[in-house]
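Subject: Structure handover

Hello,

Please find the structure below, with the sequence. Notes on what was found in it follow.

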Amino acid sequence: MALLFIIFSLLSAGVYFFIISTYKKAWCSLIEWNIPNNYFPTTKVTIIIPARNEEKNIINCLTSILKINYPKKLFEIIIVDDHSTDSTFKLANDFSKINSNVKLIQLANFIKHKKINAFKKTAIKTAISQATGDLIVTTDADCIVPPDWLQLIVSFYETKNANFIAAPVNFHQEKSKFERFQSLDFLGMMGVTGAGIQLGWMNMCNGANLAYAKKAFEQINGFEGIDNMASGDDILLMQKMAVHFPNGVAFLKNKNATVFTTAKPGINSFISQRLRWATKSANYTEWKITLILIIVFIYCCTIILSFFAIIFLNIKWAFLFVILFSIKAVSDYFFLGKMAAYFNRSDLMKNYLPAQILHILYIAVIGILSNLKKQYKWKGRAVR
């Protein structure tokens, strides 16, 4: 039994090393997109911002969007207030009155007390039905966008004719080592996202920075078929798009297209967020991404089990633990180091070792909880 565990552990370590090394190589091979010389956009864009209880963030988000380098006549912002119980609606409403590019709608006026589980998907679908733009761009109300954000997205869209575009999202303004850990971890996710699309292994993205053609959304009947889950307005939609448009999904690699948000301040909010992300994995239509998630989960569990074997069985297990931990630590170090350097966040590598330990623990814990707990709370709601 012990021999089988050792063989299985080393095999999972080898596969993990191969996966991370391949991701690193694919990220480096992904060509960086830049705005063409003498470029002038022609595409009308609708920026959609679902918002629920975002009184602390909504104005900063809208202000950053209105400062972008993009013709004002070619974009509109639709804020969808999702039953906010704070002053989000009032703040957004006051803002819309003095900015003609901003339109505010209340989700409650469209669903008429219907019993729904996927509020964010419903908010986005409602906004798209009101949109006048040919390209839909989504972000979150707690995000800040850079000046060239839309120019990069639209120039990429017009040149590549992509139906669905994923773009980078990073954390910033960290106030603790725990938040810095999340920032480093998220850089890794961005690398996996870009590399996965480049390799054709998987289609992953983040709803805080997405763009897709309105016609393409309508052609695939929007969220139909994936509207039973609260989350999945990003990855599940992307995978649905990839089925209908196999060559129409792309990743925009440019640090100046990065949308910024903040990490979770505490353990509980962090677990809640990652649990929300993990629960939708059972609905992924792409077997490769599911397989990779399982491999990473199993590998992290073998590292933890080998550590406990040292404590409860024999000190000789330390040899296996050191090998398993070292393979992961070295693999991740070079991959994350590459991502941190690209996004000008090499400072995050200072806390790499404790971040590595936290990463192993949270992958194992979230992997277990996501299979046991299908209902969770999101912004005060119990959803599935």
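Two strands pair if DSSP finds at least two bridges between them. Helices (H or I, at least four residues) and strands (E, at least two) are DSSP runs, numbered from the N terminus. This is a predicted model, in which local features need pLDDT of at least 70 and side-chain atom pairs count only at pLDDT 80 or more, while totals for chains, interfaces and linings use all residues. Residues are numbered from 1 along each chain as its sequence is written, and side-chain values use heavy atoms, with hydrogens and water left out.

The sheet

Seven strands form an open sheet with mixed pairing, in the order E3-E2-E1-E4-E7-E5-E8. Strand E3 (102-106) and strand E8 (249-251) stand at the edges with a single partner strand each, so one side of each has no neighbour in the sheet. From one strand to the next the twist averages 20 degrees (angles run from 0 to 180 degrees between N-to-C directions, and axes are lines fitted to C-alpha atoms, for helices over the stretch in contact).

Strand E5 (residues 164-166) and strand E7 (residues 210-213) run antiparallel and are joined by three bridges. Ala 166 stands opposite Leu 210 in E7. Two helices pack on the sheet. Helix H2 (residues 58-66) touches E1 and strand E2 (75-81), and its direction makes about 170 degrees with that of E2; contact here means heavy atoms within 4.5 Å. Helix H6 (residues 149-160) touches E1, E2, strand E4 (135-138), E5, E7 and E8, and the direction of H6 makes about 140 degrees with that of E4.

Strand E1

E1 and E2 pair in the parallel sense, over seven bridges. Ile 49 has Ile 79 in E2 as its bridge partner. Seven of the seven residues of E1 are buried, so the strand is largely enclosed by the rest of the structure. Buried means under 20% relative accessible area, exposed over 50%, and partly exposed in between (1.4 Å probe, protein chains only). In a regular strand the side chains alternate between the two faces of the sheet. Both faces of E1 are covered, with Val 45, Ile 47, Ile 49 and Ala 51 buried on one side and Thr 46, Ile 48 and Pro 50 buried on the other.

Pro 50 lies in E1, which spans residues 45-51. Its relative accessibility is 12%, so Pro 50 counts as buried. Not counting residues up to four places away in sequence, Pro 50 touches Val 80, Lys 120, Ala 123, Ile 124, Thr 139 and Ala 141. Pro 50 and Ala 208 are 158 residues apart in sequence, and 10 Å apart in space from C-alpha to C-alpha.

The helices

Helix H7 (residues 177-199) has 23 residues and reaches 33 Å from its first C-alpha to its last, close to the 33 Å expected at 1.5 Å a residue; the expected span is 1.5 Å times one less than the number of residues. H7 is mostly covered, with 18 of its 23 residues buried. Ser 183 lies in H7. With 2% relative accessibility, Ser 183 counts as buried. Leaving aside neighbours within four places in sequence, Ser 183 is in contact with Phe 171, Glu 174 and Leu 348. After H7 comes Gly 200, whose phi is positive, near 80 degrees.

Helix H1 (residues 2-29) and helix H12 (residues 317-342) pack at an angle of about 10 degrees, with their axes 10 Å apart. That makes H1 roughly parallel to H12 (angles under 35 degrees count as roughly parallel, over 145 as roughly antiparallel, 65 to 115 as roughly perpendicular and the rest as oblique).

Regards
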